[in-house]
Amino acid sequence: LTLTHLVNFALQNNPSTKQAWNNARAAEAVKAQSESLLYPSATVTADLTREAAKQNIRAADYNDLRYGPGIDLTYLLLDFGGRAADIKQTTDLLLAANYQFNQSIQDLLFDVENAYYSFYSAKSSLDAAQADLETAKTDYDSADTRYRAQLASKLDVLQAKSNYEDSLFSLEGAKGQVKVAKAKLAQTIGIPADTEFDIADPTKPLPTGLSEDDVTKLINDAMDKRPDIAAQKAAVEASKAAIKSADSALYPSISAAGTAEMNQYRYYGDTNARNSDKSYSAYLSFDWDLFDGFNNLNKKREAEMTSEVERAKLIEAQLAASADVWTKYYNFKTAVSQYGFGVSLLETAQTSYELALESYNNGLKSMLDLTNAQSQLSDARSKLIQTKKDLFVSLADLAHATGSLYAGDITNEQNK
């Protein structure tokens, strides 16, 4: 599976994006609820009443059945902007929920990249552990050969054997790390950990191109692109609308209403008669809470303070985003430099080991010199693998910090 395959799996299977999408759908339903106030409300009723009574005077007895439908209509004509503010608030909250959904996609893409490169790094570490084992085996064979030729002591053999067994120990640890990294990747793309799959190695060249002048542009891009910043801006706008909604409660509202009702009557007794009637009414309603213990006034104050909190959160988010991009940018620059040094370190350590082995076989170096060179070679292999992973992950992390979906969006053309 390539990284593209893994991303497709994750977008289809990972539950985090589904949760964010359903949250956005719920916000859409809340917005539709606020828009319902633009329309009249209609309530259909139906009554069925059976009455009977025996009086001292027979003429006063009654025994009848009444039934019939009715309808009540109510329409809010004026509320000094309350409905419009509620709709504006729920619309902005819907925008915030959609931006949060976008953020969940971006977070998932980064998680997939991170898990992919961790698995790739674990496999590379396993290859390095295999190479370390082969190197240690070569040292052990050389020591044993020289010992049999009476050119080396038993101590040389034991030291080489100890180094070989330590390589076996490290190899088993590397195998376990591969399994752990694979399970993490499986979890990220939304499949069971015991699913059989493997990944393709990265094919694009290692990214190295970003100049010192790019960091300011990246910070500015983050302010425009990051979904979490956009979501917080929408939350600020929603809080402003909440103030207007609370303010409208301080003023009167005017509603129009009407009712219609029809009743059928049936009288039991001597007459056994039937009758019916119809009634209609329409009216205007004027409502104004002149005094409510300052409840509505304090609701407005609460909305104003909440709006100030949301403004502060936006400033806080923007400052955090700026620091995030700055940090991730220099993490990437550090990873680029360390990768270059890691390549040179491995070349030097490889050459040093080969010379130490040749010198040992010729009796010019001790086993301690050889095992030290082998240890430096193993360390150089590990450092190169780690810096290569850091380089890939730091670029993905930088793309995530700037609000970009893909690392290629922030590198120059030759590194895409």
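**Close-up views of aromatic rings**

**View 1. Trp21, a partly exposed residue.** Trp21 has a relative accessibility of 38% and therefore counts as partly exposed. The model shown here and in the other views is predicted.

**View 2. The ring pair of Trp21 and Phe101.** The structure holds 10 aromatic pairs. One of the pairs joins Trp21 and Phe101, whose ring centres are 5.2 Å apart. The angle between the two planes is 50°, and the pair is classed as tilted. Trp21 belongs to helix H2 (residues 15–35) and Phe101 to helix H3 (residues 82–148), so this contact ties together parts that lie 80 residues apart in sequence. Phe101 counts as buried because its relative accessibility is 17%, under the 20% cut-off.

**View 3. The ring pair of Tyr140 and Tyr164.** Tyr140 and Tyr164 form a stacked pair, with 6.0 Å from centre to centre and 20° between the planes. Tyr140 is part of helix H3, and Tyr164 is part of helix H4 (residues 154–189), so the pair ties together parts 24 residues apart in sequence. With a relative accessibility of 22%, Tyr140 counts as partly exposed.

**View 4. A cluster of rings.** Tyr116, Tyr117 and Phe392 are linked into a cluster by ring pairs.

**View 5. Charged ends over rings.** The ring of Tyr360 has the charged end of Arg146 sitting over it, at 5.0 Å from the ring centre. Over the ring of Phe197 sits the charged end of Lys182, 5.1 Å from the centre of that ring.

Definitions and conventions. Residues are numbered from 1 along each chain as its sequence is written. This is a predicted model: local features need pLDDT of at least 70, side-chain atom pairs count only at pLDDT 80 or more; totals for chains, interfaces and linings use all residues. Side-chain values use heavy atoms; hydrogens and water are left out. Rings of Phe, Tyr and Trp (its six-membered ring) pair if their centres lie within 6.5 Å; planes under 30 degrees apart count as stacked, over 60 as edge-to-face and the rest as tilted. Helices (H or I, at least four residues) and strands (E, at least two) are DSSP runs, numbered from the N terminus. Buried means under 20% relative accessible area, exposed over 50%, partly exposed in between (1.4 Å probe, protein chains only). A charge sits over a ring if NZ of Lys or CZ of Arg is within 6 Å of the ring centre and within 35 degrees of the ring normal.
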